[in-house]
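Dear colleague,

I am passing on the structure below, followed by some notes on what turned up in it. Please read the notes with the coordinates open.

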Amino acid sequence: IVYGPIESVNQQTRKQMLISYKLKSLSPANKMALLRKLYGYKNHKNGKDYSFQGLVGIVKGEKIDATTFIIPVEHLFQFKTLLQEYKIKYHLRAIN
C-alpha cells in the first residue's frame, strides 16, 4: 500500500536508457570530436580556463565507463542522431 500523491511515485521511477557504443570505425580526430560532444572538456590556454559541458551532462545523464552512459529516455532522439551522424554502432537498453 502506497500512501501519498501519485506524482511522487512517478518522479522516482523516471525511465532511463543505457547506451553502449563502439568507436573502432572512427579516425582518432573523429573519436575526440565525438567524445567532446558527449562528455565535454576543459582546457587551460594563455592563462584562461575554457570548459564545455557535453551533451550527457546537459541532460543530467551519467557516464558509466569509457563507452557507456545513462540518459533520461526523453533525450534519446538527440543521442541517436549524434551517434548516427558519426556512423557509430550502438546498443540501447531501457532502465526503470
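The side chains of T68 and D65 are joined by a polar contact of 3.0 Å (a pair of N or O atoms within 3.5 Å, one able to donate a hydrogen and the other to accept it, with residues adjacent in sequence counting only if both atoms are side-chain atoms). This is a predicted model, in which local features need pLDDT of at least 70 and side-chain atom pairs count only at pLDDT 80 or more, while totals for chains, interfaces and linings use all residues. Residues are numbered from 1 along each chain as its sequence is written, and side-chain values use heavy atoms, with hydrogens and water left out.

T68 is placed in strand β5 (strands being DSSP E runs of at least two residues and helices H or I runs of at least four, numbered from the N terminus), and with a relative accessible area of 11% it is buried (under 20%; exposed is over 50% and partly exposed in between, with a 1.4 Å probe and protein chains only).

The structure holds four aromatic pairs (Phe, Tyr or six-membered Trp rings with centres within 6.5 Å; planes under 30 degrees apart are stacked, over 60 edge-to-face, the rest tilted). Y21 and F69 form a tilted one, at 6.0 Å centre to centre and 55° between the planes, which links strand β1 with strand β5 across 48 residues. Y21 is buried at 2% relative accessibility, as is F69 at 0%. Ring pairs link Y21, Y39, F69 and F79 into a cluster.

Best regards
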